[in-house]
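Student: Hello! Could you help me learn to read this structure?
Tutor: Gladly; let us look together.

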Amino acid sequence: MEYQIQPAEGKLGILIPGLGAVATTFIAGVEAIKKGISQPVGALTQMGSIRLGKRTENRMPLIKDFVPITGLNDIVFGGWDVYADNVFDAAMNAKVLEPMLLHAVKPELEALKPMKAVFDREYVKNLDGNHIKEETNKYKLAEALMEDMRRFKEENNCNRLVIVWCASTEKYIEQSDVHETIEAFEQGLKDSDPRISPSMIYAYAAIKMGVPFANGAPNLTCDIPALLDLAKEEGVAVSGKDFKTGQTLMKTMVAPGLHARALGIKGWFSSNILGNRDGLVLDDPDNFKTKEVSKLSVLEEILRPDINPELYGELYHKVRINYYPPHGDNKESWDNIDIFGWLGYPMQIKINFLCRDSILAAPIVLDLALFMDLAQRAGMSGIQEWLSFYYKSPQTAEGLKPEHDIFKQLIKLQNTLRHMMGEDLITHLGLDYYQELVDAM
Ligand SMILES: NC(=O)c1ccc[n+]([C@@H]2O[C@H](COP(=O)([O-])OP(=O)(O)OC[C@H]3O[C@@H](n4cnc5c(N)ncnc54)[C@H](O)[C@@H]3O)[C@@H](O)[C@H]2O)c1
């Protein structure tokens with residue numbers, strides 16, 4: 001089936017709950033790229049290419065020339081935060097980008113002032129901002145967010161909106177009856193049920209407005225039946241959870257390689273130190289739990305100890321995040337991997353990744369915003385599993401295990417783009433033309 005993709009006409013508004021380190025690094029970066037000061041390194045939508053047809057055809061366009069995504073000059077930014085700082089001040093506070101770069105885009109960033117947030121300290125204890133909406137119940141908060149979206153769209157003359165959640169990780173909660181059906185959820189909103197988190201209110205408002213919603217944090221958010229049903233009903237694309245950067249990015253590159261060679265793994269100890277506001281929020285055990293669940297799931301799915309108990313049945317996997325202010329946004333991670341090979345002989349791998357969290361996350365925000373908008377224009381609604389590539393804990397339909405292997409995720413992403421554009425899917429078999437080549441020799 002070839003998709004009928006609506007053209008990317010007019011402006012796309014990218015609305016972001018949480019104008020902190022990741023969001024401001026993303027916005028400042030796009031503004032700098034538009035001015036020709038910097039390059040969009042790490043963004044597939046800007047720098048990635050895609051092979052089309054047989055290897056012999058030598059067709060390898062840039063993704064942005066292959067699929068009709070919105071151009072950077074047609075993007076308008078907006079967002080919400082619990083602090084009233086404009087994006088320039090917030091970016092200066094985040095200390096990710098150097099002041100010289102930020103000053104080069106100061107007017108654009110200063111003009112971006114957050115709208116009042118929907119916030120609940122029960123969900124994020126370590127923040128004390130007071131730039132917060134004060135409606136009398138959660139249903140009215142959702143309506144206020146919808147009004148924000150309407151106003152933003154009109155004032156900025158946008159054709160379309162997309163939302164990418166870049167706000168703090170909320171405390172860990174499990175799915176319960178209020179999350180099961182749309183009726184229960186809407187009643188819960190009216191009753192201000194404590195099990196409905198702020199991020200769920202944003203997601204609900206977005207879906208009701210027909211705005212695609214991507215979730216960059218590990219919170220449940222739109223990964224509940226009520227909102228997934230609503231997304232299908234309203235024809236809205238959703239995806240999540242938790243941007244795949246830093247240590248987990250490495251893990252989903254290394255683990256598939258070890259698994260591919262049938263090497264055994266006994267233990268994988270992962271530790272991090274980071275000192276940004278995200279680290280401060282994750283210093284609270286309830287918030288860390290949400291992150292821990294997200295980070296722990298990847299190895300099991302890649303290694304499948306149930307299928308290969310001799311190689312992975314004993315695997316001990318531990319993840320630690322430590323708040324360490326002197327490092328700021330420059331996260332440092334260590335991985336100690338105890339592996340074994342032929343006849344069970346032990347070996348070790350040590351990875352010490354000195355990364356920059358927001359530098360790795362910013363291009364993901366851009367790609368997700370542009371691909372989610374593309375999916376929406378292509379009429380693809382519900383979970384966008386083909387965007388698993390960008391997430392630590394990809395959302396999947398109920399009963400399906402998520403795919404964590406980054407290389408399989410990339411194949412799925414690229415094949416989805418080929419499929420959307422009516423190109424042949426690539427299986428890497430190649431026997432058909434290989435034989436022709438051999439015969440011609
Ligand atoms: N940087 C990464 O590599 C990475 C990777 C995966 C996930 N994440 C997630 O992305 C999110 C953002 O990370 P960050 O480093 O920018 O954190 P940050 O603390 O710098 O920014 C988060 C911002 O969200 C605001 N906020 C909190 N609750 C809000 C609400 N309900 N509505 C509106 N604003 C709200 C905070 O005031 C803060 O400004 C976090 O949840 C983090 O766990 C980041």
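Tutor: A polar contact is a pair of N or O atoms within 3.5 Å; within protein, one must be able to donate a hydrogen and the other to accept it, and residues adjacent in sequence count only if both atoms are side-chain atoms. Here a backbone N or O atom of D357 lies 3.2 Å from an oxygen atom of the ligand. Taken alone, the ligand exposes 840 Å², and the protein buries 98% of that (Shrake-Rupley method, 1.4 Å probe). The model is predicted: local features need pLDDT of at least 70, side-chain atom pairs count only at pLDDT 80 or more, and totals for chains, interfaces and linings use all residues. Residues are numbered from 1 along each chain as its sequence is written, and side-chain values use heavy atoms, leaving out hydrogens and water.

Student: Which side chains have a polar atom by an oxygen atom of the ligand?
Tutor: For T169 the distance from a polar side-chain atom to a ligand oxygen is 2.8 Å, and for D278 it is 3.0 Å.

Student: How many residues surround the ligand?
Tutor: A residue counts if one of its heavy atoms lies within 4 Å. There are 31, and the closest are V22, D81, V118, A167 and T245.

Student: In what order do the four strands of the open sheet run?
Tutor: Strands are DSSP runs (E, at least two residues), numbered from the N terminus, and two pair if DSSP finds at least two bridges between them. The order is β8-β7-β9-β10, with mixed pairing. At the edges, β8 (316–323) and β10 (346–354) each pair on one side only.
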